[in-house]
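Keep the viewer open while you read.

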Amino acid sequence: MQFDAKQFLADVERVLHADYACDLKSAGRRELYNAVSKAVMEETFDDWNRARRSARRRCGYFSAEFLMGRAIYSNLLNLGILEDVGAALKGVGEDIMQFEEVEDAALGNGGLGRLAACYLESAASRNIALDGYGIRYRYGLFRQTFQDGFQHEEGDDWLKWGDPWSVRVDRDAVLVKFADLTVRAVPYDMPIFGYRNGVVNTLRLWQAEPVQAFDFASFNEMHGEVKATENFNATKITDVLYPNDNTMVGKILRLRQQYFMVSASLQDIIAKFKATGKDLRTLPEKWCFQLNDTHPVIAIPELLRLLQAEGLTFDEAFAVCAGCFNFTNHTIMAEALEKWDALALSDLLPEVYEQIVACQQRLQGEGLNPDQFYIVRDNVVHMANLAIYVCAHVNGVAQIHTNILKTQTFKNWYEQYPDKFVNITNGITPRRWLLLNNPEMARLIDGKIGDGWHTKLPELKKLLPHIGEMLPDFVRIKQQNKQNLAEYIAGHEGVQLSPDFIFDVQVKRLHEYKRQMLNALSVLWYYFGIKDGEIKDFPPTAFIFGAKAAPGYYMAKAVIKFINEVAKLVNSDPAVSDRMKVVFVQNYNVSYAEKIVCAADISEQISLAGMEASGTSNMKFMLNGTVTLGTMDGANVEICEEAGRENNYIFGATVEEVAAIKQYYCPREIVEQNPRLKRALETLVDGTLSDGSGMLKKLYESMTAGYEPDRYLVLYDFADYIRVKTQLLYDYGTEEFNRKCLVNMANVGKFSADRSVSDYAKNIWKL
Ligand SMILES: *Cc1c(COP(=O)(O)O)cnc(C)c1O
């Protein structure tokens, strides 16, 4: 985008006059933020409009979550005007960094929603015609604070500063009907700017509103009187994001959200397709849809229904669906694979349920074993099975994950339909996750190998011959990033960290399978070792955690309380203050992640093997030159393939070993053999840590008692974890260690989301 500072400031001034009756001198931050954003939106309108009118075949990325983070810096970067805008504002005495106060758009929980955001950015940057379709939640993922070490949740008012990067498109509003309620769906469109290529794709988020506001008179004629309660219920549908990551909540409101979003999207797409005069049987020539997990899978029976309402037969409609839909699986955990009560579903959406039953009947007609192949069974609708049966392609998100899908989770389906199953390893956008968050490092790389890597990340391999000469600058920049993070943490968490400490980081959603517990126990193990004088010369280390727990996930909240108590114990003990610090940052989100991943010395990726489908924070750390301390799980396996296992720190049971271990596993024996581990574990119940809630006791019991004690083999993997982690801590700071960091960065190319979306475009979307 061409930039003219004078013109830009005049545009900003004009918006300030028109929208806020103020000028550059009197504008507050909020006004300035909105005016700068709107001025840029105006400038890019023509590019956006061109994309909307283009006749190309497109893919719709259907997702209940888009974890976009903060838009302004990323948009300005991709438009190539970040520095220009910063300089223009500076010229009038304004600091562009003030917009760090703008709330993140946290319309997602974690990895799945962030993946959707990275894919939109990468697709635009590759000129792939991908548009996002989702929900405009009024409140995103809750804001987290700690009170007395317990997690507290507050509503996330992400619109507090306005939403200048969206436009409301009333002319495209549609009605979505439930058995008991009809609501109006109004789209808000957000431009997705490609990196310096003039491409603008769209994220269309639907907001639920009462129908009264919408042509009240004619609606009443058609549908009779509208009940007053409908007003109340309508907006409720898009009020709030369910804060559950990787778990299914069987709430009807959630089902309403899912149906609301896909029905509105499909109605919109069909109406526009029909306007071109083409036969709906040819819809797959113009459109395909990627279903991001099971959340949007109800789109399949909805499209069947809509097409038959347009005159197609069931078989014709089914053929269209088979040609349009594809499904991404994100987890093998049974508690996350969506299943709906058939009665509840048929009560809420009778016509949609009929289509599900028709799919079930068609499946039965295939002559397969009904015990293995079913969509509805015992009055439960299995959404993943529906997706696999109808979709042309089913993909896992890392090689090991896809293998598990084929050989375990969906074994029957794979054997019946082997060609459907493909792997597309996840990726991240290098624009947000290196160029934007670590500009000094990006400049260092540009100076060595040019800037081709911005859009062709495998070019980072060209760094390999330069690693020796880069080391001093690399170390200096990492140190500065650590200093910056330490200042931010001091300001936000009230904990002082020294940038001379090793920054050992685990940031991700809180889940038992991710094993924050393993990390926390190791902290106590080192702490007691230092106190007893058994561990000498412990390398000074800051253990940094960040994680939100689903509000209803008791054990996850117990782990947060535990780690906060460990932090209190360690940080208040002067005997170890020159050796260790522990901090659990509050409200971990995309903007916090940007500050953290460029400042980490260790990337903790320690899930039980087989449980983490891919992970993407592992890729963010790698991109910023951080070694992985991890298990052979998810994309860690491929990180080792790309960067060399010897350049990372791998420990723990493998997927192949896990099942066998569980046969005879007795955690108590392990604890008895390791007195210091025992002591660390018993802090949960022996009064060392304050509990006050009974939570820590429950956590202790989950590790040692019950039907399946220590389900995620924390204690089993503990000794190997300590062995490898200790090796890492003592390697830190050596030239060999610093080389490993850079070798990881140089070999991160595969994990660009540019590669992922190109794989989708080539192998699945055929764009
Ligand atoms: C990348 C990211 C995640 C995913 O982290 P994993 O460690 O891969 O689970 C979650 N939350 C935020 C805010 C992220 O940026």
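Two strands count as paired if DSSP finds at least two bridges between them. Helices (H or I, at least four residues) and strands (E, at least two) are DSSP runs, numbered from the N terminus. What you're looking at is a predicted model, where local features need pLDDT of at least 70 and side-chain atom pairs count only at pLDDT 80 or more, while totals for chains, interfaces and linings use all residues. Residues are numbered from 1 along each chain as its sequence is written, and side-chain values use heavy atoms, with hydrogens and water left out.

**The sheets**

Start with an open sheet of 6 strands, which pair in parallel in the order β20-β19-β18-β21-β22-β23. β20 (580-585) and β23 (649-650) are at its edges with a single partner strand each, so one side of each has no neighbour in the sheet. Inside that order, β21 (602-605) and β22 (627-630) pair in the parallel sense over 4 bridges, and Glu604 has Leu629 of β22 as its bridge partner.

There's also an open sheet of 3 strands, this one antiparallel, in the order β13-β15-β14. Its edge strands are β13 (339-341) and β14 (376-377), each pairing on one side only.

Then have a look at β5 (143-147) and β6 (150-154), an antiparallel pair with 5 bridges. Gln144 has Glu153 of β6 as its bridge partner. The hairpin of these two strands has 2 residues between them, and Asp148 takes a positive phi near 55 degrees there.

**The ligand site**

Now for the ligand. It is surrounded by 14 residues, the closest being Lys508, Lys514, Thr616, Ser617 and Lys620; a residue is near a molecule if one of its heavy atoms lies within 4 Å of it.

| Residue | Atom on the protein side | Distance to a ligand oxygen atom |
|---|---|---|
| Lys508 | polar side-chain atom | 2.6 Å |
| Thr616 | backbone N or O atom | 2.7 Å |
| Ser617 | polar side-chain atom | 2.5 Å |

On its own the ligand exposes 390 Å², and the protein buries 95% of that (Shrake-Rupley method, 1.4 Å probe). Which helices each supply at least two residues of the shell around the ligand? They are α22 (590-597) and α23 (617-623).

Technical notes: A polar contact is a pair of N or O atoms within 3.5 Å; within protein, one must be able to donate a hydrogen and the other to accept it, and residues adjacent in sequence count only if both atoms are side-chain atoms.
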